[in-house]
Amino acid sequence: KNYSEQYRPQIHFSPKQHWTNDPNGMVYYNHTYHLFFQYYPKGSTWGPMHWGHATSPDLIHWKEKLIALYPDSLGYIFSGSAVVDSNNTSGFSKKGKIPLVAIFTHHDPKGEKEGTDKFQNQSLAYSLDNGNTWTKYKGNPVLRNPGIKDFRDPKVMWYAKEKKWVMTLATKDHITFYSAPDLKNWKQESEFGLEIGAHGGVWECPDLFPLKVDGKTHWVLIVNINPGGPNGGSATQYFVGQFDGNKFTPVDTKTRWLDYGPDEYAGITWGNTGSRKIFLGWMSNWEYANQVPTEKWRNAMTIPRDLVLRKVNGELLLASVPVVELKNIAANVQSTASGKLPAQCMLKANIASLSDYSVTLSNSVGEELVIGYDKKTNQYYIDRTKAGKADFQKDFKGRFVAPRFATTKTSDLTLVIDGTSVELFADKGLTTMTAIFFPNEPFDRIAVKGIALKQTAFKSIWK
Ligand code: FRU
């Protein structure tokens with residue numbers, strides 16, 4: 001039965017069948033959250049990319065829809081974004097209907113094989129029926145490759161001050177900003193990142209948006225990178241600074257990661273959600289995404305997270321917290337977690353005086369996943385070295401660590417646990433880690449040391 005297979009996430013989106021990677025085209029429109037995703041409908045490994053489509057009223061319950069975009073003569077449909085073109089700047093409107101416009105990368109596999117470096121170009125498609133059906137623009141591509149092999153993943157936002165669209169594009173080892181009045185005629189604004197940030201791999205899937213803290217607006221630039229993440233493989237870094245419609249200027253030159261675990265990648269935010277900024281990542285890592293032991297479908301998304309900027313000891317840090325809408329699936333609440341672990345749940349602690357603690361999930365065959373905090377090193381950790389299947393890739397086993405940024409004596413912890421994943425949010429989301437695992441029997445036991453955890457069991461989103 002669909003969604004009840006071994007290892008099927010019960011509170012995270014995964015496609016009914018076959019392969020997915022990056023979330024794409026996330027936009028909120030007419031009370032509906034749209035999620036498009038890199039999708040290969042003919043197999044459970046990466047292949048010619050399509051945009052799959054799912055919608056949700058609450059970010060938690062998802063309904064998979066028809067495939068939105070198929071490959072065509074210009075190539076596969078790689079990652080990108082979608083906007084609500086309320087003023088019909090694109091001219092795609094008919095009969096007064098507001099166009100949803102998708103801006104994506106056309107990846108031409110023939111050009112790639114021939115060894116040219118111009119096989120990734122930016123294109124448009126639009127929908128006049130709430131995202132149900134899509135028409136590709138006849139003038140595609142709208143932004144041609146100037147000769148940069150990796151030239152992809154356009155994230156577009158409306159820059160109201162200058163009444164123009166701004167595109168943030170990953171261009172190999174840096175970001176290039178473009179602008180257009182109409183989503184069609186793009187001109188280069190500026191470049192960012194050649195001398196800053198992590199450069200252990202290619203830059204992909206960027207995002208740019210404003211966030212307020214203490215009444216002041218700052219800009220956050222998200223840049224995914226593969227490989228070169230803090231735990232090996234793919235990961236999400238971010239910069240905080242100012243954006244003036246032309247140029248992004250960071251406040252400092254430190255490299256920071258939005259999620260320090262091994263399994264959050266290609267994360268970006270929903271458009272058209274007002275002052276709220278909601279982030280979603282792909283819950284895997286390119287190191288082993290094609291090999292993880294599921295066959296009917298492969299890979300899932302993280303829990304959607306609200307992003308907030310916090311000032312911590314003079315630094316501006318991006319914090320992530322799971323969306324409150326998770327309450328829509330809350331079932332049993334228990335004031336202390338111990339003994340039996342529900343198949344999917346949230347565990348929460350308020351810690352008056354932070355010291356070593358650990359949370360161990362285990363099963364009847366002696367496998368375990370350990371999550372905790374180590375005071376000596378001042379690090380959070382997730383240890384999946386004994387958490388079950390790992391022979392599909394040599395580096396899957398591991399103990400992953402993340403720095404603590406808060407300096408208070410008090411602390412807090414939120415863990416979101418599904419059958420094959422844990423997401424850790426500590427110190428109101430200042431430290432975040434995501435990790436997947438594949439135990440041979442479900443983790444149905446829990447042992448907690450050093451803290452007390454309140455436990456909220458979740459109903460499956462698929463039932
Ligand atoms: C990131 C990525 C993107 C690209 C897509 C292809 O995971 O490599 O840069 O558009 O996946 O599926």
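These legends walk through several views of one predicted protein chain.

**View 1**
Residues are counted from 1 along each chain as its sequence is written. Since the model is predicted, local features need pLDDT of at least 70, side-chain atom pairs count only at pLDDT 80 or more, and totals for chains, interfaces and linings use all residues. The mean pLDDT (the predictor's confidence in each residue, from 0 to 100) is 97, and 100% of the residues reach 70 or more. The model also scores ipTM 0.99 and pTM 0.98. Along its principal axes, the C-alpha trace spans about 60 × 50 × 45 Å.

The chain splits into domain 1 (18-322) and domain 2 (324-458), with bounds from an automatic or database domain assignment. Their centres, taken over C-alpha atoms, are 29 Å apart. The contact takes 29 residues from domain 1 and 30 residues from domain 2; two residues are in contact if their C-beta atoms, placed from the backbone, lie within 7 Å. On the domain 1 side, strand 21 (305-312) and strand 22 (315-322) each give two or more residues. Strand 22 has the largest share of that side, with five residues.

**View 1. The largest nonpolar core.**
This core has 122 residues, and those with the most contacts inside it are Val 101, Ala 102, Met 167, Leu 318, Leu 415 and Leu 424. Strand 2 (residues 32-40) gives the most to the core, with six residues. Domain 1 (18-322) and domain 2 (324-458) each supply at least three residues. A nonpolar core here is a set of buried Ala, Val, Leu, Ile, Met, Phe, Trp, Tyr and Cys residues joined through C-beta atoms within 7 Å. Buried means 20 or more other C-beta atoms within 10 Å of a residue's own, exposed means 12 or fewer, and partly exposed is in between, with C-beta atoms placed from the backbone. Across the chain, 48% of the 463 residues count as buried.

**View 2. Around Val 101.**
Setting aside neighbours within four places in sequence, Val 101 is in contact with Ala 82, Val 83, Asp 85, Ser 90, Phe 92, Leu 124, Tyr 126 and Leu 183.

**View 3. Two cis peptide bonds.**
The bond from Asn 140 to Pro 141 is cis, with omega near -5 degrees. Pro 141 sits in the loop between strand 8 (135-136) and strand 9 (151-159). The bond from Asn 226 to Pro 227 is cis too, with omega near -10 degrees. Look for Pro 227 in the loop between strand 14 (216-226) and strand 15 (235-243).

**View 4. Two residues with positive phi.**
Most residues other than glycine have a negative phi. Asn 88 has phi near 50 degrees, and its loop runs between strand 5 (76-84) and strand 6 (100-107). Lys 428 also has phi near 50 degrees, in the loop between strand 31 (421-426) and strand 32 (431-436). Asn 88 is partly exposed, with 14 other C-beta atoms within 10 Å, and Lys 428 is partly exposed with 15.

Key
Helix = DSSP H or I, 4+ residues; strand = E, 2+ residues; numbered from the N terminus.
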